[in-house]
Amino acid sequence: MTFTHPRKRPQRRSEIPHGPQQDEGLQQIRDTLPPGPVPCTVEPAPRPVGEEVPPELLALVAHHCRRINAYLARAQHLQTLHGDSMKQWQRLVLYALTDALAHNHLLVGTLAAYLQRQDLDADLLRRYLQSPDPDRYITREAVQHLDGRTGAVPEEAAEPVWTAVGRQIARDGRFS
């Protein structure tokens, strides 16, 4: 008797490295990330937290994951639009990928800044970030983004861009 159900077929072997080999390679990449242009350390100002993840953090992750996924999907789709033109493809795919990377760095930095504010042990934060230097993620923009998410009042006369974006996510995230 042969099974036609996909899970019953033998699995195909992937040529993509996985397991310890890939983990070591990813760690090498993380270790060589340059520090942020203006790294920041956030002073602890813990808020009382329960066992649940604060809704503002869930909304933050959801917002940036949607953006990252959209940029990655765009990069992947460009092969059908510009597969016959290397000049167009290379320009557009790098735009999409670097935009996804920027959102990822902002998201990681904002979460790391939040955890610093919650007075998370520095060694634990380094372990979670898989990096000996959390400052490569916690940039001025990440702190501004966190301030917008948490409703902090900016010190500058004009509200920084990422503070405003954080406030918008906080407003929209309450209803999702």
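**Close-up views of a predicted model**

**View 1. Helix α3 and the residue that follows it.** In this predicted model, helix α3 covers residues 86-117 and includes L94. The end C-alpha atoms of α3 lie 46 Å apart, and this agrees with the 46 Å that its 32 residues should span at 1.5 Å a residue. Just beyond α3 comes D119, whose phi is positive, at about 65 degrees.

**View 2. A nonpolar patch on the surface.** Three leucines, L72, L94 and L97, make up this patch. Their accessible area together is about 250 Å². One of them, L94, belongs to helix α3.

**View 3. The largest pocket.** The volume of the largest pocket is about 350 Å³. Its lining consists of 16 residues, and those nearest the centre are R30, L33, N104, V108 and Y137. By class, the lining holds 12 nonpolar residues, three polar ones and one charged one.

**View 4. Helices around the largest pocket.** Which helices each supply at least two residues of the lining? They are α1 (20-31), α3 and α4 (122-129). Of the contributions to this lining, that of α3 is the greatest, at seven residues.

**View 5. A salt bridge between R117 and D147.** Side chains of opposite charge can pair when their charged atoms come close. Here the side chains of R117 and D147 form a salt bridge, with an N to O distance of 2.7 Å. The pair joins distant parts of the chain, 30 residues apart: R117 is in helix α3, while D147 is in helix α5 (residues 140-150). In total, the structure contains three salt bridges.

Note on methods. Residues are numbered from 1 along each chain as its sequence is written. This is a predicted model: local features need pLDDT of at least 70, side-chain atom pairs count only at pLDDT 80 or more; totals for chains, interfaces and linings use all residues. Side-chain values use heavy atoms; hydrogens and water are left out. Patches are made of residues with over 30% relative accessible area and no salt bridge: like charges are joined within 9 Å, nonpolar side chains (Val, Leu, Ile, Met, Phe, Trp, Tyr) within 5 Å. Accessible areas come from the Shrake-Rupley method with a 1.4 Å probe; for residues, only the protein chains shown count as cover. A salt bridge is a side-chain nitrogen of Lys or Arg within 4 Å of a carboxyl oxygen of Asp or Glu. Helices (H or I, at least four residues) and strands (E, at least two) are DSSP runs, numbered from the N terminus. The expected span of a helix is 1.5 Å times one less than its number of residues. On a 1 Å grid over the protein atoms alone, a cavity is a set of points where a 1.4 Å probe fits but cannot get out, and a pocket is an open set with protein on both sides within 12 Å along at least five of seven lines; lining residues have an atom within 4 Å of a point. Grid points are joined across faces, edges and corners, and a volume is the space filled by probe spheres set on the points. Ala, Val, Leu, Ile, Met, Phe, Trp, Tyr, Cys and Pro count as nonpolar, Asp, Glu, Lys and Arg as charged, and the others, Gly among them, as polar.
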